[in-house]
Amino acid sequence: LLAASAHATQQVILSSSTRAYPIGSGRSLEYSKPDFWKDIGSIPSDLGTFTKNSFSKKNLPWLGAITASTLILIEYDQKIYNNTRRAGKKLSISADDKTKTFLKIKGVSVFRGPTDLGSAIYFLGDGWVPLGLCAGMLGYGWAADDWRAAHTGAQLTEGLLATGITTQVLKRISGRETPRAASAPRGVWRLFPSFSDFQGHRTRYDAFPSGHLATGVMAVTVLAENYPEKKLIKPVGYGLMGALAFQMVNNGVHWASDYPLGIAIGYGIGKTIAGRGKKVSGEAPKLTLLPAVMPGGSYGLAAGYRF
């Protein structure tokens with residue numbers, strides 16, 4: 001869908017090293033020539049920038065909001081989980097894992113796909129979805145010589161890796177039980193579990209924060225930042241993330257309090273990564289005057305002011 005939408009976007013070659021893509025209101029996004037491996041190599045510096053920005057003075061109120069919302073949700077996690085399970089049952093959305101193995105290689109399951117509504121919603125957070133999105137954007141960008149699409153695909157790949165690293169580190173620090181494996185209401189926290197114990201009993205330790213939601217929000221953010229003129233990206237993307245968030249509580253993979261930090265990580269990493277490799281050129285005029293037809297057939301001017 002995005003590739004088809006991008007295909008309809010005009011591309012302006014400014015020089016051998018720069019191309020511009022109009023985004024409306026007299027503005028364009030200018031992109032340098034894409035370099036996939038350079039983007040992947042930027043992961044350490046981008047993670048450093050993300051961490052620095054996260055703890056900057058201007059973002060302290062956001063850190064406070066994330067902390068407060070997480071603590072409040074922890075208090076009500078068990079009630080939210082119970083009510084979500086009841087809602088899922090009323091809506092006939094299965095709380096069981098009904099994915100099915102569709103591809104095996106030498107007896108090892110490589111691809112598991114959904115077989116009902118519940119597993120289809122949960123599949124939105126599966127690694128195959130962002131990987132497919134990365135491959136689609138990269139493939140289209142290279143095939144159509146579309147630098148914006150190629151940049152976006154590289155940034156999605158980088159974001160997938162950066163988000164995975166960040167959330168895995170935090171999971172291995174926090175060691176929180178998932179609802180499905182909870183040995184006490186709201187789950188038990190076992191800080192710094194051993195590597196072997198974590199690998200052998202993941203559901204006992206990998207609830208906090210949500211890596212699925214972090215990855216999904218990162219992808220929506222990167223797409224929206226590179227295609228700001230495509231107004232459906234945010235409402236459709238965040239709507240799908242809302243459905244995923246519901247289902248991950250419904251099937252006992254996450255508590256609601258695992259989400260604020262996951263969302264913040266995805267958004268912050270997405271903004272950091274998408275801020276590289278392009279710049280905005282041009283600016284819409286503050287005052288615009290356009291011809292207008294008034295009721296009754298008279299003519300006039302419609303004035304608009306951008307602020």
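A nonpolar core is a set of buried Ala, Val, Leu, Ile, Met, Phe, Trp, Tyr and Cys residues joined through side-chain atoms within 4.5 Å. In this predicted model, the largest such core has 37 residues. The protein chain has 307 residues, of which 41% count as buried, and its secondary structure comprises 11 helices and 8 strands.

**The chain as a whole**

- The protein chain exposes about 16600 Å², and carbon and sulfur atoms account for 65% of that area.
- Where contacts link residues at least 6 apart in sequence, 66% of them join residues at least 24 apart.

**The nonpolar cores**

- Within the largest core, the residues that touch the most other members are Leu-156, Leu-213, Ile-233, Met-241, Met-248, Tyr-259 and Ile-269.
- At least two residues of this core come from each of α2 (36–40), α3 (43–54), α6 (128–143), α7 (147–174), α9 (211–226), α10 (233–250) and α11 (259–274).
- The helix that gives the most to this core is α9, with 9 residues.
- Another core, of 5 residues, lies apart from the largest one; among its members are Tyr-21, Ile-23, Leu-29 and Trp-147.

**Contacts of Met-248**

- Met-248 belongs to the largest nonpolar core.
- Beyond its neighbours within four places in sequence, Met-248 is in contact with Tyr-122, Ser-210, His-212, Leu-213, Val-253, His-254 and Tyr-259.
- Two of these partners, Leu-213 and Tyr-259, are listed with Met-248 among the core residues that touch the most other members.

**Packing of α3 and α11**

- Two packed helices are described by the angle between their axes and the distance between the axes.
- The axes of α3 and α11 come within 9 Å and cross at roughly 120 degrees.
- Because of this angle, α3 is oblique to α11.
- The crossing of α3 past α11 is right-handed.
- On the α3 side, the residues that meet α11 are Asp-46, Leu-47, Thr-49, Phe-50 and Asn-53.
- Their counterparts in α11 are Ala-264, Ile-265, Gly-268, Ile-269, Thr-272 and Ile-273.

- Thr-178 is located in the loop between α7 and α8 (195–200).
- The relative accessible area of Thr-178 is 4%, so this residue is buried.
- Val-188 stands 10 residues from Thr-178 along the chain, and their C-alpha atoms are separated by 8.7 Å.

How values were computed: Residues numbered from 1 in each chain as written. Predicted model: local features only at pLDDT ≥ 70, side-chain atom pairs only at ≥ 80, totals over all residues. Heavy atoms only, no water. Buried < 20%, exposed > 50% of the residue type's maximum accessible area, 1.4 Å probe, protein only. Helix = DSSP H or I, 4+ residues; strand = E, 2+ residues; numbered from the N terminus. Contact = heavy atoms within 4.5 Å. Areas by Shrake-Rupley, 256 points an atom, 1.4 Å probe, with all protein chains shown as cover. Axes fitted to C-alpha atoms, helices over the stretch in contact; angles between N-to-C directions. Parallel < 35°, antiparallel > 145°, perpendicular 65-115°, else oblique. Left-handed = near helix turned anticlockwise from the far one by under 90°.
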